[in-house]
Amino acid sequence: GYAKATVNPGQGVGLGGYGNAKERTSQVVLDDLYLTCTAISDGENVFLFYAADLEGLGGSNISIALKQLDKAYEINTDNVFFNITHSDSSPGMQTTSFANGVKYCQIFYKAAVDSAGIALRDLESATVSYGSANTEGLNYVRRYVSLVDGSPVSKNVSAGQNPTRVAHESEPD
């Protein structure tokens, strides 16, 4: 099953991103922000997969959303997954301490519960599959690790960095 909800902030809602942006608030909507929910069931278990156009989503806000989902649908919250697009011109829900944060969080929680209900009602038989492909040359991993001790390198390193000392953390996929 699938559902899509618009989660645009109202005027004056604090926006995340771009460093310390505590004073940045929404003024107008140029592009809608969405929360999508995909429901999958194997006949015994239900899984919900969310994708949210947010700058971030903190653990305390995830916990509240999970409690509301459990109350509404008695769903195993271990089977609920949130993916955040990290859109820098959207609310950063790591906390509720942004302008009009509590009000916006309530809108988000309601959208999560409502979209789950629609996706659960929309369940149909389907075959689920997945794939993987090498994307060499299309993208790259920006995180590096030390070849000396495997520790993360704290900054992006240039291509000219000594390849005997650092390596990409993983391969792009």
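In this predicted model, serine 115 touches Ala3, Leu35, Cys37 and Tyr50, residues up to four places away in sequence being left out of the list. Serine 115 belongs to helix 2. Its relative accessibility is 3%, so serine 115 counts as buried, the limit being under 20%. Tyrosine 2 is 113 residues away from serine 115 in sequence, yet the two C-alpha atoms are 7.9 Å apart.

Side chains of opposite charge can pair when their charged atoms come close. Lysine 110 and aspartate 114 form a salt bridge, with an N to O distance of 2.5 Å. The two residues are four apart in helix 2, so about one helical turn separates them. Lysine 110 has a relative accessible area of 51%; the value is over 50%, so lysine 110 is exposed. Aspartate 114 is partly exposed, because its relative accessible area is 35%. The count of salt bridges in the model comes to one.

Strand 2 and strand 3 are antiparallel and are joined by seven bridges. Serine 41 stands opposite valine 46 of strand 3. The hairpin of strand 2 and strand 3 has four residues between the strands. In that hairpin, glycine 43 takes a positive phi near 95 degrees. Strand 3 (residues 46-52) and strand 5 are parallel, with five bridges between them. Alanine 52 has isoleucine 84 of strand 5 as its bridge partner.

Aspartate 53 occupies the loop between strand 3 and strand 4 (56-57). Which side chain of opposite charge is nearest to this buried aspartate 53? That side chain is lysine 4, and it is 7.7 Å away. A salt bridge requires a distance within 4 Å, so aspartate 53 has none with lysine 4. Aspartate 53 has polar partners instead. A polar atom of its side chain lies 2.9 Å from the backbone nitrogen of tyrosine 34. The side chains of aspartate 53 and threonine 85 are joined by a polar contact of 3.4 Å. Beyond neighbours within four places in sequence, aspartate 53 is in contact with Asp32, Leu33, Tyr34, Thr85 and Ser90.

Glutamate 74 sits in the loop between helix 1 and strand 5. With a relative accessible area of 72%, glutamate 74 is exposed. Asparagine 100 sits in the loop between strand 6 (92-93) and helix 2. Its relative accessibility is 42%, so asparagine 100 counts as partly exposed.

Across the chain, there are two helices and eight strands. Along the sequence they follow the pattern β-β-β-β-α-β-β-α-β-β. The chain has 173 residues, and 33% of them count as buried. Contacts between residues at least 6 apart in sequence were also examined; 66% of them join residues at least 24 apart.

Technical notes
Residues are numbered from 1 along each chain as its sequence is written. This is a predicted model: local features need pLDDT of at least 70, side-chain atom pairs count only at pLDDT 80 or more; totals for chains, interfaces and linings use all residues. Side-chain values use heavy atoms; hydrogens and water are left out. Two strands pair if DSSP finds at least two bridges between them. Buried means under 20% relative accessible area, exposed over 50%, partly exposed in between (1.4 Å probe, protein chains only). Lys and Arg count as positive and Asp and Glu as negative; His and the chain ends are not counted. A polar contact is a pair of N or O atoms within 3.5 Å; within protein, one must be able to donate a hydrogen and the other to accept it, and residues adjacent in sequence count only if both atoms are side-chain atoms. Contact means heavy atoms within 4.5 Å.
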